[in-house]
Amino acid sequence: MRNHVQTYKCKACGKQFKGGERRDKNQVITDYVEGKQTREQLAKKYGVSAKTIGRDLEAMRYVQKVSKYKQVVIQMDTTYWGRNFGLMVIKDALRKRVLWRKYVRHETIADYMEGVRWLKHNGFMIYGVVIDGMRGLAQSLRPYPVQLCQFHQMLTIRHYLTQEPELEASKELLDLVNRITKMDKYSFSEAFELWYDKHKNVINERMHDKRFKKTPPYMRPRLRSAYLSLKRNMSLLWTFQDHPTIGLPNTNNGLEGIFSDIKTKLRVHSGISKEHRKKIIDEYLSRHY
């Protein structure tokens, strides 16, 4: 919506003259949410105070919209700004629409299940779920087909092994995991078993120290943790291949793209309050997702 130039008329002489831009609140909100303009910049643009712009922005009112498409495959994840402010999102993977969201301090299974219950209450039929690997979440989502995000699994292994490990077994495992999205279930499982058979003595070796009266710890705990993570999650990494007809993604990258988009927009408005940050997020998501 365009900003109009206000025309004035002198009551004494009848002469007309033009004033500044008439401020449209909807356009102010659009400039603020979509553009890269701060309150101060908008105040200068419209010739008003920053407080007046702030009052215009109070017109942002989020209304929960329920999608008319009820058969869904969903992706769920949480992103954070700092330690105690997170945005939990459930997204329709096929139509790229945000179905449900909640602001949280910490990521919990209970909050995710609250979102699932909301979807069911509003008539959604869930055919599959993509998760980020939170311990215990897959079990709570039974009997839905659950796909563990392969990219999150890659990040977990990189966390344990670092980007440039020195141990040969670690190098080979990291190389294998970095190729996971380009491999199928059979080839990856076979390569993983071959890797374990080759390096099992290194993985299972314990410290040789008589000071440990009980069972001594493993020599390479981080390598072993990486191995056990893959072994434990193997059945969840290939659900998309086990259920090829439902359109289940193998990663949560689509949801990560939304998070990145929001953070890019909010970076312009650093220093705002938590409540105002919520309003911008709600407004932006309702416009685009």
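I take buried to mean under 20% relative accessible area, exposed over 50%, and partly exposed in between (1.4 Å probe, protein chains only). The model is predicted, so I note that local features need pLDDT of at least 70 and side-chain atom pairs count only at pLDDT 80 or more, while totals for chains, interfaces and linings use all residues. Residues are numbered from 1 along each chain as its sequence is written, and side-chain values use heavy atoms, with hydrogens and water left out.

**Entry 1: aromatic pairs.** I paired rings of Phe, Tyr and Trp (its six-membered ring) if their centres lie within 6.5 Å, with planes under 30 degrees apart counted as stacked, over 60 as edge-to-face and the rest as tilted. The count by this rule is 10 aromatic pairs. I looked up Phe188 and Trp238, a tilted pair with 5.6 Å centre to centre and 50 degrees between the planes. Phe188 belongs to helix H8 (residues 185-204) and Trp238 to the loop between helix H9 (221-233) and helix H10 (239-242), so the pair ties together parts that are 50 residues apart in sequence. Helices (H or I, at least four residues) and strands (E, at least two) are DSSP runs, numbered from the N terminus. I found both Phe188 and Trp238 buried. I also noted a cluster of Phe192, Trp195, Tyr196 and Tyr227, linked by ring pairs.

**Entry 2: charges over rings.** The criterion is NZ of Lys or CZ of Arg within 6 Å of the ring centre and within 35 degrees of the ring normal. I found the charged end of Lys263 over the ring of Trp81, 5.4 Å from its centre. The charged end of Arg277 sits over the ring of Phe85, at 5.1 Å from the ring centre.

**Entry 3: Asn252.** I located Asn252 in the loop between H10 and helix H11 (253-267). Asn252 is buried, at a relative accessible area of 0%. With contact meaning heavy atoms within 4.5 Å, and residues up to four places away in sequence not counted, Asn252 touches Gln75, Met76, Asp77, Val130, Ile131, Asp132, Cys149 and His152.

**Entry 4: backbone.** I recorded a cis peptide bond from Arg142 to Pro143, with omega near 10 degrees. Pro143 lies in the loop between helix H5 (137-140) and strand S7 (146-148). Lys96, not a glycine, has a positive phi of about 60 degrees; this residue lies in the loop between strand S4 (86-92) and strand S5 (97-104). Lys96 is exposed, at 53% relative accessibility. Thr162, also not a glycine, has a positive phi of about 70 degrees and is partly exposed at 41% relative accessibility.
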